[in-house]
Amino acid sequence: MAPTTVLERALRVALGEIADAQLPLSSLCLLVPPVRLMSACMWQVAQQRNVEQYGKLVDFITLVTEMVPEIQSPKQRAQLILGLRARLILELLQRMDPLDSQVIQDHLNCIQLWTTNYIQEEGQDSEVEVSKSAFVELVQTLIDDPSEKEQFFKDVFPVQYGARFDTTLQILVWEFLSRLEEFLPVPSFSEPPVATLLSLTPKWNSLFLILKTI
C-alpha cells in the first residue's frame, strides 16, 4: 500500500470529525504531519497520566529511538521505558479483579525481552539488570500473596510509585518529546493547532496502529 494511501486512511480514522467538515486531507497533511500528531497524542497520555495507554507510549518511544538513536542516551531510554512499563503493570495489578496473571506475565516478558536486547546492544548494565530483576520479583510476590499485595498498595505504592513517580515520568516524557521537537518543524506538540485538533480527535488510538504500518 502506498504511503499516501496509508496516511489518508490514518487521517480519515483519527480525524473523522474534521474530515466530515470537508477539510481536504491535503490540508490536514500540511497542518499536522503524522509524527507531530503522534507526539501530541503521546503528550496527552503523559499529561493526563493515562496509565492504561502507557504501553502505546512505550511503543512510540521505542519506534522513535530506533529511527533516531541520538534522541536519548541509553540510560535515559532505559529509565523512561522501564518506568512506564513498571507503572502500567502495577496499575493492572491494582485494578484487575479478578487478577489475570497471564496478562501480567505478558507485560513482564516484554520487560525481560527489552532488557535483554538493551544489554546486548549497550553492554552489561548491572543497574538496569538489578532494577529489572527486583521489579519482576516484586510483581511475582504480589501475584502469589494477596495479603502482601494489599499491604504493598496500602503502604508502599503511594510512596514509591505515587504522585512523585508519575511526575518524574511526565518530566522524562516531556524531555523526550522536546528532543524530538528539534527534528520537527514548528508548531510544537503542545501548542495550537495541534492541541486544538487533538481535542476533536478521540480516535488517535487507530492512528497509532495505522502509522506503525507505514
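Is E127 buried or exposed? E127 is exposed, its relative accessible area being 54%; exposed denotes over 50% relative accessible area, buried under 20% and partly exposed in between, with a 1.4 Å probe and protein chains only. The legends below place this residue and others in context.

The model is a predicted one, in which local features need pLDDT of at least 70 and side-chain atom pairs count only at pLDDT 80 or more, while totals for chains, interfaces and linings use all residues. Residues are numbered from 1 along each chain as its sequence is written, and side-chain values use heavy atoms, with hydrogens and water left out.

**Figure 1. Overall architecture of the protein chain.**
The protein chain contains 12 helices and 0 strands. Helices (H or I, at least four residues) and strands (E, at least two) are DSSP runs, numbered from the N terminus. Read from the N terminus, the order of elements is α-α-α-α-α-α-α-α-α-α-α-α. Of the 214 residues in the protein chain, 43% are buried. Among contacts in the protein chain with a separation of 6 or more, 70% involve residues 24 or more positions apart; a contact requires heavy atoms within 4.5 Å.

**Figure 2. Close-up of the salt bridge between E127 and K75.**
The side chains of E127 and K75 form a salt bridge with an N to O distance of 3.4 Å. A salt bridge is a side-chain nitrogen of Lys or Arg within 4 Å of a carboxyl oxygen of Asp or Glu. E127 belongs to helix α8 (residues 126-144) and K75 to helix α6, so the pair ties together parts that lie 52 residues apart in sequence. K75 is partly exposed, with a relative accessible area of 43%. The whole structure holds 6 salt bridges.

**Figure 3. Close-up of the crossing of helices α6 and α10.**
Helix α6 (residues 74-95) and helix α10 (residues 163-181) have axes that come within 10 Å and cross at roughly 140°. Axes are lines fitted to C-alpha atoms, for helices over the stretch in contact, and angles run from 0 to 180 degrees between N-to-C directions. The helices α6 and α10 are therefore oblique to each other; angles under 35 degrees count as roughly parallel, over 145 as roughly antiparallel, 65 to 115 as roughly perpendicular and the rest as oblique. Their crossing is left-handed, a term for a near helix turned anticlockwise from the far one by less than a right angle, clockwise being right-handed. On the α6 side the contact is made by Q79, L80, G83, L84 and R87, and on the α10 side by F165, D166, L169, L172, V173 and F176. The residues of this contact comprise 7 nonpolar, 2 polar and 2 charged. In this classification Ala, Val, Leu, Ile, Met, Phe, Trp, Tyr, Cys and Pro are nonpolar, Asp, Glu, Lys and Arg are charged, and the others, Gly among them, are polar.

R87 is found in helix α6 and counts as buried at 6% relative accessibility. Leaving aside residues up to four places away in sequence, R87 touches V51, Y54, F157, Y161, F165, D166 and L169. R87 forms a salt bridge with E91, whose closest N and O atoms are 2.9 Å apart. Being 4 residues apart in helix α6, R87 and E91 are separated by about one helical turn. E91 is buried, with a relative accessible area of 7%. A salt bridge also joins the side chains of R87 and D166 (2.9 Å, N to O). This pair links distant parts of the chain, with R87 in helix α6 and D166 in helix α10, 79 residues apart. D166 is buried at a relative accessible area of 9%. Through salt bridges that share partners, R87, E91, R95 and D166 are joined into one network.

The axes of α4 and α5 come within 10 Å and cross at roughly 140°. The two helices, α4 and α5, are therefore oblique to each other, and α4 passes α5 in a left-handed crossing. In α4, the residues V35, M38, S39, M42, V45 and A46 meet Y54, K56, L57 and F60 of α5. The residues of the contact of α4 with α5 divide into 8 nonpolar, 1 polar and 1 charged. E52 is placed in the loop between α4 (34-47) and α5 (54-67). At 55% relative accessibility, E52 counts as exposed. The C-alpha atoms of E52 and I89 are separated by 9.3 Å, and these residues are 37 residues apart along the chain.
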